[in-house]
Amino acid sequence: MNLILVSPSDFISTDEVFLSDRRFLHIQQIHRAQLGQRLKVGLLDGSSGYGEISAIDDQGVKLQLSLTQKALPALPLTLLLALPRPKMLKRILQSTAALGVKEIYLINSYKVDKSYWSTPVLDPECVHQQLLLGLEQSGDTILPKVHLRKRFKPFVEDELDAIAADSQKWLAHPYQACACPASSNLKSTLAIGPEGGFIEYEVAKLQEAGFNSISLGQRILRVETAIPVAVAKLCNF
């Protein structure tokens, strides 16, 4: 935990919070906190700075806050991701949040097992917790938005044009693909398929929507590896 995230419900006064959950345990056991110690703190969806320990006992810790730093800049990238295996999804949510991606669409694909859509990992509270872990790791405060789209065709035909408007549209697909463009700060929308890739029909629909196939190199990568590689290549990360 490189940043302690607090939310409005933690405040006990205008500039003081009380923590008694896992954040308190981290402060107590990892930081071995003492009165007057300063810790890196950020307000969820707000600014960051530090919190000075004003009181601590076995029940919790009080932090006096000074939050004067702006949130880290978001990456200008929207991620369209075929829903991965639940075990992998947890890690992906954390890593994409840590990378600074703020719009994530989990979409269906022919190769996505139907059972994945009923996983408890997709429960809003579980998704929220994974995103928080990513933010804490990177020192970010702005929570990404995760959207679920269980039907591929209606999503591509009815929503995608507006979602990807005024952006470069990239499809991570190695066949008949051009080399990945140089990194930039231009707004981009990136589509990444499931393990084994999108089927030909899905690739064709995305190409009809204006997506250009790009290659990430000669190596075959797992989805959880392909995402940070693609983000690093496309954005000034």
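Predicted model: local features only at pLDDT ≥ 70, side-chain atom pairs only at ≥ 80, totals over all residues.
Student: In what order do the six strands of the mixed open sheet stand?
Tutor: Helices (H or I, at least four residues) and strands (E, at least two) are DSSP runs numbered from the N terminus, and two strands pair if DSSP finds at least two bridges between them. The edge strands of this sheet, each pairing on one side only, are β1 and β2. The twist averages 40° from one strand to the next. The order is β1-β4-β5-β6-β3-β2.

Student: In which sense do β1 and β4 pair?
Tutor: Strand β4 covers residues 38–43, and three bridges join β1 to β4. Within β4, G42 stands opposite L5. The sense of the β1 and β4 pairing is parallel.

Student: Which residue of β6 is the bridge partner of F18?
Tutor: Strand β3 has antiparallel pairings with β2 (residues 11–13), over two bridges, and with β6 (residues 61–69), over four bridges. A hairpin through two residues joins β2 to β3, and S13 has E16 of β3 as its bridge partner. In β6, the partner of F18 is K62.

Student: Is S48 buried or exposed?
Tutor: S48 belongs to strand β5, residues 48–56. Leaving aside neighbours within four places in sequence, its contacts (heavy atoms within 4.5 Å) include V41, G42, L67 and T141. Buried means under 20% relative accessible area, exposed over 50% and partly exposed in between, with a 1.4 Å probe and protein chains only. At a relative accessible area of 9%, S48 is buried.

Student: At about what angle to β1 does α1 run?
Tutor: Axes are lines fitted to C-alpha atoms, for helices over the stretch in contact, and angles run from 0 to 180 degrees between N-to-C directions. Helix α1 lies across β1, β3, β4, β5 and β6. Its angle to β1 is about 150°.

Student: Which residue of β12 is the bridge partner of L79?
Tutor: A seven-stranded open sheet with parallel pairing has the order β9-β8-β7-β12-β10-β13-β11. Its edge strands are β9 and β11. Strand β7 (residues 77–82) runs parallel to β12, and five bridges join them. The partner of L79 in β12 is L190.

Student: Why is the pair of Y105 and F155 described as tilted?
Tutor: Rings of Phe, Tyr and Trp (its six-membered ring) pair if their centres lie within 6.5 Å; planes under 30 degrees apart count as stacked, over 60 as edge-to-face and the rest as tilted. The structure holds two such pairs. In the pair of Y105 and F155 the centres are 5.7 Å apart, and the pair is tilted because the planes stand at 40°.

Student: How many residues apart in sequence are the parts that Y105 and F155 tie together?
Tutor: Y105 counts as buried at 9% relative accessibility, and F155 is buried at 2%. Because Y105 lies in strand β8 (residues 103–107) and F155 in helix α4 (residues 152–163), the pair ties together parts whose separation in sequence is 50 residues.

Student: How is α2 oriented relative to α6?
Tutor: Helices α2 and α6 (residues 223–234) pack with their axes 10 Å apart at an angle of about 10°. Angles under 35 degrees count as roughly parallel, over 145 as roughly antiparallel, 65 to 115 as roughly perpendicular and the rest as oblique. The contact involves residues including M88 and I92 of α2 and I227 and V231 of α6. The orientation of α2 to α6 is therefore roughly parallel.

How values were computed. Residues numbered from 1 in each chain as written. Heavy atoms only, no water.
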